[in-house]
Amino acid sequence: MTDTATVDLAVEDATLQYDQRVISENLGFHVPPGSFTVIIGPNACGKSTLLRALAGLLRPASGQVVLDGSDIARLAPKHIARRIGLLPQSASAPDGITVAELVARGRFAHQRLLRQWSPADEIAVAEALDETGVRELSARRVDELSGGQRQRVWIAMVLAQETPMVLLDEPTTFLDVAHQMEVLGLLHRLNVSGRTVVAVLHDLNQAARYASHIVAMSGGRIVAQGAPAETITSELVHDVFSLPNVVIPDPVTGTPLVVPQDLR
Ligand SMILES: Nc1ncnc2c1ncn2[C@@H]1O[C@H](COP(=O)(O)OP(=O)(O)OP(=O)(O)O)[C@@H](O)[C@H]1O
Ligand SMILES: [Mg+2]
């Protein structure tokens with residue numbers, strides 16, 4: 001069963017760094033509970049770093065990450081894993097593991113010491129395989145799949161975890177356009193049914209369509225956030241990506257559609 005209590009997750013006045021290399025300073029961000037938040041920004045601006053901090057994997061050098069009122073650094077990994085699921089940008093599976101075995105690993109946080117695999121685990125895995133359309137791949141080895149198939153299997157693993165919040169770092173990378181729309185549709189449904197979704201996306205037009213809340217980053221800082229219509233403007237895209245562009249209404253949804261100008 002998904003733990004349905006809304007997750008309250010925030011980064012407070014944090015310095016995020018690797019060894020001595022500072023990526024973000026004085027970073028503050030509160031995930032709007034119940035939102036579909038999309039983080040945008042150029043390569044190397046610190047999106048994945050922020051996501052790692054939010055998941056409790058990167059400990060701030062100063063400041064803190066607060067999950068449901070507690071410093072995440074003080075919480076047990078299993079507790080965090082019942083509240084937050086993370087799809088990292090480059091996930092790697094153990095050699096030779098099958099799809100069914102990998103997705104089953106999403107159930108780790110639900111297993112008690114003596115109680116082994118349960119019917120609830122079985123149902124969660126089956127649902128995750130169905131939702132991501134990879135059930136027919138169950139017996140295949142993960143390392144023998146195409147990039148797009150593998151990406152959907154990883155998403156299935158995160159879904160099997162049945163957390164009320166999911167963090168996904170570029171979940172549509174490697175997917176063809178139809179599968180991109182499928183995954184975004186799936187995330188939208190999860191969001192509507194009560195899960196808080198935070199995703200890093202590079203496609204600004206998809207971000208504008210699906211997000212309820214946009215976070216734009218540049219050089220380790222959050223430079224704008226809010227509703228897509230207010231946030232994804234020609235000026236912002238120009239400032240953040242150094243890209244001359246025109247923003248018009250998306251003919252299908254009316255949300256901002258960014259049309260880059262030629263750089264030739
Ligand atoms: N494990 C690491 N050790 C040292 N430096 C790192 C590490 N991971 C990332 N960095 C550096 O931190 C900065 C921010 O990286 P991050 O991965 O957060 O960027 P990003 O916005 O996710 O970029 P992309 O769109 O390319 O995924 C980059 O300069 C990167 O080189
Ligand atoms: Mg990244």
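Ser48 comes out as buried, at 13% relative accessibility; buried means under 20% relative accessible area, exposed over 50% and partly exposed in between, with a 1.4 Å probe and protein chains only. This is a predicted model, where local features need pLDDT of at least 70, side-chain atom pairs count only at pLDDT 80 or more, and totals for chains, interfaces and linings use all residues. Residues are numbered from 1 along each chain as its sequence is written, chains are lettered from A and ligands numbered from 1 in the order in which they are written, and side-chain values use heavy atoms, with hydrogens and water left out.

Ser48 (OG) and Gln89 (OE1) coordinate the magnesium ion (ligand 2) at 2.0 to 2.1 Å. Donors here are N, O and S atoms within 2.8 Å of the metal (3.2 Å for Na, K and Ca), and water is not among the atoms, so sites may look incomplete. The two residues sit 41 residues apart, with Ser48 in helix H1 (residues 47-54) and Gln89 in the loop between strand E6 (84-87) and helix H3 (99-105). Helices (H or I, at least four residues) and strands (E, at least two) are DSSP runs, numbered from the N terminus. Gln89 is partly exposed, at 40%.

## Around helix H1

H1 is largely enclosed by the rest of the structure, because 7 of its 8 residues are buried. Among them are Lys47, Thr49 and Leu50. After H1 comes Gly56, with a positive phi near 80°.

## His213

His213 lies in strand E9 (residues 213-218) and is buried, at 15%.
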